[in-house]
Amino acid sequence: MTKSEFGLVGEAELVEELSLLTTQTARMRARMADIMAELERRRCARTVPRARR
């Protein structure tokens, strides 16, 4: 949405769009944290020396 389009949209629609984007951002951040934790878990699992059998 461009600045010129903002004037054509009501305040309620703008608040709704902002709410949607905020929710999406929170989900993306949570997903990023999950992925980063999984990558860290895998990295640490590779560096742990394995016991000899």
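Predicted model: local features only at pLDDT ≥ 70, side-chain atom pairs only at ≥ 80, totals over all residues.
Me: OK, how many salt bridges does the structure hold?
Reply: There are three.

Me: Which residues are linked in a network?
Reply: That would be E38, R41 and R42. E38 pairs with R41, where the closest N and O atoms are 2.6 Å apart, and E38 also meets R42 at 2.7 Å, N to O.

Me: Where do they sit relative to each other?
Reply: E38 and R41 are three residues apart in helix 2, about one turn of the helix. R42 and E38 are both in helix 2 too, four residues apart, again about one turn.

Me: What about R43, which residue does it bridge to?
Reply: R43 goes to E40, with the closest N and O atoms 2.7 Å apart. Those two also lie in helix 2, three residues apart.

Me: Why does R43 count as partly exposed?
Reply: Because its relative accessible area is 41%, and partly exposed is the range between under 20% for buried and over 50% for exposed.

Me: Switching topic: where is I35?
Reply: I35 is in helix 2, which covers residues 11–47. With 41% relative accessibility, I35 is partly exposed.

Me: And how far is I35 from V9?
Reply: Their C-alpha atoms are separated by 37 Å, and the two residues are 26 apart along the chain.

Definitions and conventions: Residues numbered from 1 in each chain as written. Heavy atoms only, no water. Buried < 20%, exposed > 50% of the residue type's maximum accessible area, 1.4 Å probe, protein only. Salt bridge = Lys/Arg side-chain N within 4 Å of Asp/Glu carboxyl O.
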